[in-house]
Amino acid sequence: MSVPMGEACLEMIGVRQQFGATVAVADASLRADRGEVLCLLGHSGCGKTTLLRVAAGLEQPDAGIVRLNDRVVVGPGVFVPPERRGVGMMFQDYALFPHLSVLDNVRFGLTHLPHPKAHRVAMEALVRVGLAHYAHDYPHVLSGGQQQRIALARALAPHPEILLMDEPFSNLDQRMRERIREETMSVLREKGTTTLIVTHDPAEAMLLSDRVALMEQGHIVQVGTPGELYRHPKSLFAARYFCDLNEISAQIRGGAVATPVGTFAAEGLPDGRCMVCIRPQALSLVGLGLPAMVERCRFTGEADLVTFRPQGYDGVLEARMPPGTSPEAGAVAQLAIDPTGVLIFPLD
Ligand code: ATP
């Protein structure tokens, strides 16, 4: 079933949540349209989980409005408790019931279904996460990663219209994570589930989401598609979040920035201090370019990571080059810098 997008399904406006002196969420607004997967991305402690808990009804915010399916669940004089919000949730501690079997844990959210159907749906959810053979065991016999998969199965089984998930794939090893992530996302897409996923991993956010909301110290600082955030970060913070950067402090003068490694266009930017950020993949070898000594090469399989020390620059440039193409350490190379991989942020 594909669901038309464009209608706000989850909307938060001006949410603020303070714990003592700590402002966990400061005036945050976001909306996820129907069927959209929105990732809430940010460093540890920036307020992601708190915002998710506000959406779920596990925190009552100090200020703000929350709407789910056009129904106000938080607002002046309104607070709808979690069990009456009709959203699915999966939190970091998994919150499995220790006295219930794995199957009963998954069946817990399916009490509205007749018993045989609830059983079948729960078993299907367990098959999807590869744990059907543990159906009659208790959660304590499972590893952390297996418990996470059970929590995921429990959250997905009732096919909620809105699903809130906190780092749902964090505790799985890489191969399992890829498999479960793909499986989960295909279920969510097929059902048109509006999903808010908290993660600190930019690669995961880019892979999973239709849009990403980037948080910094309680604020949502940029919202956009993964491509928009990666290619057009609005701030140095956003740029750094998505890519390792070579950073050079410089001055903008008359729409250009001169640095020891080249002059770059800065049209439309005001004169003054700036940070020039060069993506590692913007560097390539050419016949004649910026002379640079090769200081170190590391092989990662997918790319060569090469450290260059350009002539006339009191620093190094880190480059990502196609595997097997990097020169030997100690050689002098000629470098080109692709201007589309250069970002300039005024600092004043
Ligand atoms: P992580 O990725 O580490 O889970 P996060 O981005 O989800 O972090 P939150 O868990 O929302 O961040 O926490 C935001 C801030 O609020 C932190 O400084 C945290 O210590 C504080 N905080 C969160 N919950 C509480 C609470 N119940 N009591 C006091 N402080 C809290």
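Q: How far apart do the C-alpha centres of domain 1 and domain 2 lie?

A: In this predicted model, the C-alpha centres of the two domains are 39 Å apart. The domain assignment of the protein chain places domain 1 at residues 8-240 and domain 2 at residues 244-346.

Q: How many residues of each domain are in contact with the other, and what area do the two domains bury between them?

A: The size of an interface is often expressed as the accessible area lost when the parts come together. Here domain 1 and domain 2 bury about 640 Å² between them, with 56% of that area on carbon and sulfur atoms. On the domain 1 side, the residues that lose the most area to domain 2 are Tyr 230, Leu 236 and Arg 240, which together account for 65% of what that side buries. In terms of contacts, eight residues of domain 1 meet eight residues of domain 2.

Q: Which polar atoms of the protein lie by oxygen atoms of the ligand?

A: A polar contact is read from a pair of N or O atoms within 3.5 Å. A polar atom in the side chain of Ser 44 is 2.6 Å from a ligand oxygen atom. For Gly 47, a polar backbone atom lies 3.1 Å from an oxygen atom of the ligand. For Lys 48, an N or O atom of the side chain is 2.9 Å from a ligand oxygen atom. The ligand has 640 Å² of accessible area on its own, and the protein covers 59% of this.

Q: Where does Gln 147 lie, and which residues is Gln 147 in contact with beyond its neighbours within four places in sequence?

A: Gln 147 belongs to helix 4, residues 144-156. Apart from those sequence neighbours, Gln 147 is in contact with Tyr 94, Leu 96, Pro 139, His 140 and Leu 142. In the case of Leu 142, the backbone oxygen is 3.2 Å from a polar side-chain atom of Gln 147. Val 102 is 45 residues from Gln 147 along the chain, and the C-alpha atoms of the two are separated by 9.0 Å.

Definitions and conventions:
Residues are numbered from 1 along each chain as its sequence is written. This is a predicted model: local features need pLDDT of at least 70, side-chain atom pairs count only at pLDDT 80 or more; totals for chains, interfaces and linings use all residues. Side-chain values use heavy atoms; hydrogens and water are left out. A polar contact is a pair of N or O atoms within 3.5 Å; within protein, one must be able to donate a hydrogen and the other to accept it, and residues adjacent in sequence count only if both atoms are side-chain atoms. Accessible areas come from the Shrake-Rupley method with a 1.4 Å probe; for residues, only the protein chains shown count as cover. Domain bounds come from an automatic or database domain assignment. Contact means heavy atoms within 4.5 Å. Buried area is the accessible area (1.4 Å probe) that two parts lose on being put together, summed over both. Helices (H or I, at least four residues) and strands (E, at least two) are DSSP runs, numbered from the N terminus.
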